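Dear colleague,

Please find below the structure that I am handing over to you. My notes on what was found in it follow directly after.

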Amino acid sequence: MSEMEKKKDNQMDANRNGEEAAVRARLARSRASMYRFLSRLYLLEVDEHMFESMLKMEFPKAGPQEDLEEGYGLIRKYLADAKNREEVLDDLAVDYARIFLSAGVAQGKAAFPYASVYTSRQHLMMQDSRNDAAALFAEKGLAPRKDMYRVPEDHLGLLLEYMAMLCGQEAESQNYVPNTSSGSESRDGSEAAGERSIGAEQADFLKNQLLNWTAAFTADVVKYASTDFYRGLGKLTKGFLALERSLLLER
């Protein structure tokens, strides 16, 4: 093979690798956006700004997973049918308080968004799952913003936000550096190793901090919600995490 042919092959490989990296980066950014969307809806009730933002979103009408598709459909229809903005926001605020804060409901008829409640034997808050999450956040130099989120570290919204951060790091890791010996671009070894490490961290966090309790939690959300919006959120969360399991743990 001539030197020119080698350079051409190297360039084709570089282009192909670049395209694959771009696809991986787009997927990681999309996943990060979904994690942040779900995180926001669990951490805080829907306010006017969030409601307005959701009205501008295009929710898919079909999806690769049944719960995901049903969740999108329930939320999409609820928003489409919302005529009286003030009344709808009041209904959502009441439902949020009822489902996640147990406001005005009998004991045992709420879906508390804390891992400890679903993983501890006595179903109590501030148990081992909270301690594990707090230790992990501290190790990473992270801490929930107490001015906004006065909740324990094992709150689902914070766990989802952590996964969003990992997905963002994965997107940023899709970099190529010049290979001066071949005249092409190739994957830097340390960055490729870093990418694998981020993927492993995502898989571990998903398995040990989310999948070990969210199936029961999302079932309770669907069970106790009085609005299709929050029923849809429960379905959407269950379906999305099922896709994440397929992506990170079953490949």
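**Overall architecture**

From the N terminus on, the elements of the chain follow the order α-α-α-α-α-α-α-β-β-α-α-α. Please note that this is a predicted model. The secondary structure amounts to ten helices and two strands. The chain has 251 residues, of which 42% are buried. Among contacts with a separation of 6 or more, 70% join residues 24 or more positions apart. The chain exposes about 13,700 Å², and carbon and sulfur atoms supply 49% of that area.

In soluble globular proteins, nonpolar side chains tend to be buried together. In this chain, the largest nonpolar core holds 57 residues, and those touching the most other members are Tyr35, Phe37, Val46, Leu210, Phe217, Phe229 and Tyr230. Helix 7 (residues 156–172) gives the most to this core, contributing nine residues. Leaving aside residues up to four places away in sequence, Leu210 touches Leu156, Leu159, Leu160, Met163, Phe205 and Leu241.

**Helix 6 against helix 7**

Two packed helices are described by the angle between their axes and the distance between the axes. For helix 6 (residues 128–139) and helix 7, the angle is about 35 degrees and the axes lie 12 Å apart. The crossing of helix 6 and helix 7 is left-handed. On the helix 6 side, Ala133, Leu136 and Phe137 take part, meeting Leu158, Leu159 and Tyr162 of helix 7. The residues of this contact comprise six nonpolar, no polar and no charged.

With kind regards

How values were computed. Residues numbered from 1 in each chain as written. Predicted model: local features only at pLDDT ≥ 70, side-chain atom pairs only at ≥ 80, totals over all residues. Heavy atoms only, no water. Helix = DSSP H or I, 4+ residues; strand = E, 2+ residues; numbered from the N terminus. Buried < 20%, exposed > 50% of the residue type's maximum accessible area, 1.4 Å probe, protein only. Contact = heavy atoms within 4.5 Å. Areas by Shrake-Rupley, 256 points an atom, 1.4 Å probe, with all protein chains shown as cover. Core = buried A, V, L, I, M, F, W, Y, C linked by side-chain atoms within 4.5 Å. Axes fitted to C-alpha atoms, helices over the stretch in contact; angles between N-to-C directions. Left-handed = near helix turned anticlockwise from the far one by under 90°. Nonpolar A, V, L, I, M, F, W, Y, C, P; charged D, E, K, R; others polar.
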